[in-house]
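Here's a quick briefing for anyone meeting this structure for the first time. Take a look at the model, then read on.

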Amino acid sequence: MPNKIEHLGIAVSDLEASEKIFTDVLGAAPYKREEVESENVITSFFKVGENKIELLQATSEDSAIAKFIAAKGEGIHHVAFAVDDIQAEIDRLMNLGYRMIHEKPKEGADGKMIAFLHPKGSNRVLVELCADK
C-alpha cells in the first residue's frame, strides 16, 4: 500500500527557466538533475519537507512528456506514491481490475523502481508507484 506522496511530476518546456521559478518559490535549489534515457527526459528534483517536486523536460519530440505538453501544455503530469514492494502493489491493483501501463517495475529517476497506473482508470490522473531499488 502507498505510504506517502513521493513526488509530484511537472512537465516543463524549459528546465532552466522552471528551475529558477521553483528555486524562487521554494527558497532552495534543486538537489539533483538526471537524464532518464529510457523515458527521453531530463529531470530536476526539489525537496519540499518529506516530499519532492520533479520537473521533467523532454529530450525528444516523441517522448511522453513532449506529447503531454503538445496536448495539454505545461503543468502537473503525475502524482507518485512511495510503496515498499512495488511488484506486490502492481499485482494488488491489477487484481482489483486496474490497468497498468507497466506490469513489471522499471528503472526510473532518483534511484527508484517505477510503474504507472493507466490514467483511464484513475480519473484521468497519471499515478506512479515508486520504490527504492
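Does Lys52 count as buried or exposed? At 8% relative accessibility, Lys52 counts as buried, where buried means under 20% relative accessible area and exposed over 50%, with partly exposed in between (1.4 Å probe, protein chains only). Keep in mind that this is a predicted model, where local features need pLDDT of at least 70 and side-chain atom pairs count only at pLDDT 80 or more, while totals for chains, interfaces and linings use all residues. Residues are numbered from 1 along each chain as its sequence is written, and side-chain values use heavy atoms, with hydrogens and water left out.

**Salt bridges**

- The structure holds 11 salt bridges, each one a side-chain nitrogen of Lys or Arg within 4 Å of a carboxyl oxygen of Asp or Glu.
- Lys52 pairs up with Glu6 in one of them (2.7 Å, N to O).
- Lys52 sits in strand β4 and Glu6 in strand β1, so this pair ties together parts 46 residues apart in sequence; strands (E, at least two residues) and helices (H or I, at least four) are DSSP runs, numbered from the N terminus.
- Glu6 is buried too, at 5% relative accessibility.
- Glu6 also meets Lys112 in a salt bridge (3.6 Å, N to O).
- Because Lys112 lies in strand β7 and Glu6 in strand β1, that pair ties together parts 106 residues apart in sequence.
- Lys133 and Glu107 form another salt bridge (2.9 Å, N to O), linking the segment after β8 to strand β6, 26 residues apart.
- Both Lys133 and Glu107 are exposed.
- A network of salt bridges links Glu6, Lys32, Glu34, Lys52, Asp110, Lys112 and Asp132.

**The largest pocket**

- There's about 640 Å³ of space in the largest pocket.
- Its lining has 35 residues, and the closest to the pocket centre are Ala64, His77, His78, Phe116 and Leu126.
- On a 1 Å grid over the protein atoms alone, a pocket is an open set of points where a 1.4 Å probe fits, with protein on both sides within 12 Å along at least five of seven lines, and lining residues have an atom within 4 Å of a point.
- Helix α2 gives the largest share of the lining, six residues.

**A nonpolar patch**

- Ile21, Val25, Leu26 and Val48 make a nonpolar surface patch of about 330 Å².
- Such patches take residues with over 30% relative accessible area and no salt bridge, with nonpolar side chains joined within 5 Å.
- Helix α1 gives the most to the patch, with three residues.

Definitions and conventions:
Grid points are joined across faces, edges and corners, and a volume is the space filled by probe spheres set on the points. Patches are made of residues with over 30% relative accessible area and no salt bridge: like charges are joined within 9 Å, nonpolar side chains (Val, Leu, Ile, Met, Phe, Trp, Tyr) within 5 Å. Accessible areas come from the Shrake-Rupley method with a 1.4 Å probe; for residues, only the protein chains shown count as cover.
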